[in-house]
Amino acid sequence: MSSPSPEGEQPGVESRSPQAANLRYPDDDVPEDSVVDGETLSRDIEDSFDFIVVGSGAAGAVAAHVLAAAGHSVAIVEEGPWVKTREFGADVHSAFQRLIRDSAMQAVEGRSFLPLLQGRCVGGSTVVNSAIAWRTPDDVLDDWSERFGLGDTLSMRVLEPHFTILERDLSVRPVADDVVGQNNGLFLEQAKNDGYHAGKMRRYDAGCRGSGRCLSGCPTAAKRGMSVTYVPMALAAGARIFTSCRVDQVLRARGRATGIVARSTSSDPWRATKCRVLLHARKGVLLAASTIQTPVILRRSGVRAAALGEHFQIHPGLALAGKFDRPVRMNFGATQGAESTHFRRTHRFKLETISLPPELVAARIPGAGHELTQRLADYGHLAVWAAQVRAYAEGTVSPAWGGGARVRLTLTEADVVATRSACATLARMLFDAGAREVWPGIHGVPSILTSPDDVARIAEGPLDPRAYSYIATHLFGAARMGPDARSSTVGLNFAVHGTEALYVIDSSIFPTNLGVNPQHSIMAIARLAATRIAEKAASEIAA
Ligand SMILES: Cc1cc2nc3c(=O)[nH]c(=O)nc-3n(C[C@H](O)[C@H](O)[C@H](O)COP(=O)(O)OP(=O)(O)OC[C@H]3O[C@@H](n4cnc5c(N)ncnc54)[C@H](O)[C@@H]3O)c2cc1C
């Protein structure tokens, strides 16, 4: 599938609605009858499939495509709506309301306040993410193999062919020179001056035009999120998708998963009718509802594994802004286009650029009222650089009253030390790159730093996680994989210990976090899982 690109428009002069009426996007044309929209259901329904895949994000879409392409009948069940490329607008607030779980108001409970972002729509978080692609680092895979008893199950030798296919299908490539933009360019230049190992990001990108709108849905379908790639590809291979249908429970009988029960959902809070969707699975149920929702579904389905809900991990992320005399124009260029893994192994953080729209950058701007408005007027002169910390902290995930999830985690002192070090590094880089002011957003540190000498204030900053403006978008664990049912939830064959044909294929199974962006690892592992599950089904038919 190649991305349509309207002719006659110059990069950098993106109109507010870059979607072109005369073009077809990959999510425009899906096979007739392949979509059942829960929003429009008026009665309960019941149906049967070989496989049911819960969730249509990074893990679910990839797996559904593999299974459908292998000739199995597949139902994808997705809690959120299908918001099409043509509907993506520039308004961040309404995009977050439609595309992000709880309108982006989810948070991790613990000593610090930690907002948690997850996509809730067809394509899951890939619709609102920055499309950064990283293969799982060898040191992580080796650790899983040795310390967690995974052996060769998720080795690079096994995953390599899956990465290769994904990179081909999703056009993984470095950010093109003409959409680097200045926020990314300044970072690359400074990292080079500092001698840091850094470069342009590799992304799922079929012709990015630098609209800087990855976080509210790519308006040109150049970002190869799941709603414009593997979901339509799975449907073309014969799968069906039930959108706006939330899975409450996996049905089990005689130690085996037999189907799911879902309820239709509605964007209209006053709509009372919720229809029951009962789907039977002849060959298996694959959970790909993400690290938070998958463990909750397992728990609600009566799974009582010892480690279920434990060992939840994140990469807490945070950003600093620098104000320059020269224009930076964050509104043009790849949303996230430059990075450095220089400190990943030694200091447990990764540095990234992130171009934020005015609505989001406002959270990083000191002051309120008139002061805030005045500073916001400098938007065109701001650069925003960020860090993702490979935190040690482990938390828990459990069902909450009302159908949601309760997520708890408190960062350790070592995590805050890593955060401080990342923030100090970024502040120093911003000053060296020419910033006149740096806005760190750290409680207990002046909100406006005006000299490189002030960086020491960050380096010696508070060790209390509450002082930092974190956000979590990378989630791991809570249904760990391992050979021993006493310390893990899922076996080396991706099946939940003690329950046949119930598989977990998202990052809930990861024994640890990664230190790099997770989508690529999640997709490769989901692809491996689906391939193994399809082979098992084929061998059972043959026997
Ligand atoms: C703002 C943001 C930016 C990010 N940037 C990057 C990046 O650039 N690179 C990268 O590698 N990673 C990035 N990530 C992380 C990455 O997107 C996720 O790690 C990845 O998408 C997770 O895949 P998943 O399939 O487990 O979950 P998701 O992609 O979140 O998909 C899960 C799906 O399951 C659905 N679901 C949940 N519960 C139910 C239920 N009960 N019934 C039915 N459906 C259900 C959800 O609605 C959702 O659509 C980012 C994340 C965010 C939020």
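Student: Leaving aside its neighbours within four places in sequence, which residues is Val-504 in contact with?
Tutor: First a caution: this is a predicted model. A contact here needs C-beta atoms within 7 Å. By that test, Val-504 is in contact with Leu-287, Thr-294, Ala-479, Val-490, Phe-494, Val-496 and Ile-509, leaving aside neighbours within four places in sequence.

Student: Where is Val-504, and is Val-504 buried or exposed?
Tutor: Val-504 is in strand β21, residues 502-504. A residue is buried if 20 or more other C-beta atoms lie within 10 Å of its own. Val-504 has 31 of them, so it counts as buried.

Student: How far apart are the C-alpha atoms of Val-504 and Leu-99?
Tutor: They are separated by 24 Å. Along the chain, the two residues are 405 residues apart.

Student: Now the whole chain. How many helices and strands does the chain have?
Tutor: The chain has 13 helices and 21 strands. The radius of gyration is 23 Å, close to the 24 Å that the globule rule gives for 543 residues, so the chain is as compact as a globular protein of that length. The C-alpha trace spans about 70 × 55 × 45 Å along its principal axes.

Student: What do burial and contacts look like over the chain?
Tutor: Take burial, then sequence separation. Of the 543 residues, 56% count as buried. Among contacts with a separation of 6 or more, 74% come from residues 24 or more positions apart.

Student: How is the chain divided into domains?
Tutor: Read the segments, as a domain can be listed in several pieces. Domain 1 is 26-171 + 221-306 + 477-543. Domain 2 is 175-205 + 313-393 + 412-469. The contact between them takes 20 residues from domain 1 and 23 residues from domain 2. On the side of domain 1 that touches domain 2, the residues divide into eight nonpolar, eight polar and four charged. The centres of the two domains, taken over C-alpha atoms, are 32 Å apart.

Student: What does the UniProt annotation say about residues 406-526?
Tutor: An annotation comes from a record, and it may be inferred rather than shown by experiment. The unreviewed UniProt entry labels residues 406-526 "domain: Glucose-methanol-choline oxidoreductase C-terminal". In the model, that span is 27% helix and 14% strand. Its end C-alpha atoms lie 25 Å apart.

Student: Next, the ligand. How many residues surround the ligand, and which are the closest?
Tutor: There are 41 residues around the ligand. The closest are Gly-55, Gly-57, Gly-124, Asn-129 and Gln-519. Then ask which elements contribute. At least two shell residues each come from α1 (58-69), β10 (245-253), α7 (290-300), β20 (471-476) and α13 (519-542). By class, the shell has 16 nonpolar, 20 polar and five charged residues.

Student: Which residues does Ser-290 touch, not counting those up to four places away in sequence?
Tutor: Ser-290 touches Gly-55, Gly-57, Gln-118, Gly-124, Leu-475 and Asp-506. Of these, Gly-55, Gly-57 and Gly-124 are also listed among the closest to the ligand. Ser-290 is in helix α7. With 28 other C-beta atoms within 10 Å, Ser-290 is buried. The C-alpha atoms of Ser-290 and Phe-476 are separated by 8.7 Å, although these residues are 186 residues apart along the chain.

Student: Is Pro-327 buried or exposed?
Tutor: The cut-off for exposed is 12 or fewer C-beta neighbours. Pro-327 has 10 inside 10 Å, so it counts as exposed. Pro-327 is in the loop between β13 and β14 (338-340). Leaving aside neighbours within four places in sequence, Pro-327 is in contact with Gly-380 and His-381.

Student: What is the phi of Ser-171, and what is the phi of His-311?
Tutor: Most residues other than glycine have a negative phi. Ser-171 has a positive phi of about 50 degrees. His-311 has a positive phi of about 65 degrees. Ser-171 is in the loop between α4 (156-169) and β6 (172-174). His-311 is in the loop between α7 and β13 (313-324).

Student: Are those two residues buried or exposed?
Tutor: Ser-171 counts as buried, with 21 C-beta neighbours inside 10 Å. His-311 is buried too, with 22 other C-beta atoms within 10 Å.

Terms used. Residues are numbered from 1 along each chain as its sequence is written. This is a predicted model: local features need pLDDT of at least 70, side-chain atom pairs count only at pLDDT 80 or more; totals for chains, interfaces and linings use all residues. A residue is near a molecule or strand if its C-beta atom, placed from the backbone, lies within 6 Å of it. Helices (H or I, at least four residues) and strands (E, at least two) are DSSP runs, numbered from the N terminus. Ala, Val, Leu, Ile, Met, Phe, Trp, Tyr, Cys and Pro count as nonpolar, Asp, Glu, Lys and Arg as charged, and the others, Gly among them, as polar. The radius of gyration is taken over C-alpha atoms; the globule rule is 2.2 Å times the number of residues to the power 0.38. Two residues are in contact if their C-beta atoms, placed from the backbone, lie within 7 Å. Domain bounds come from an automatic or database domain assignment.
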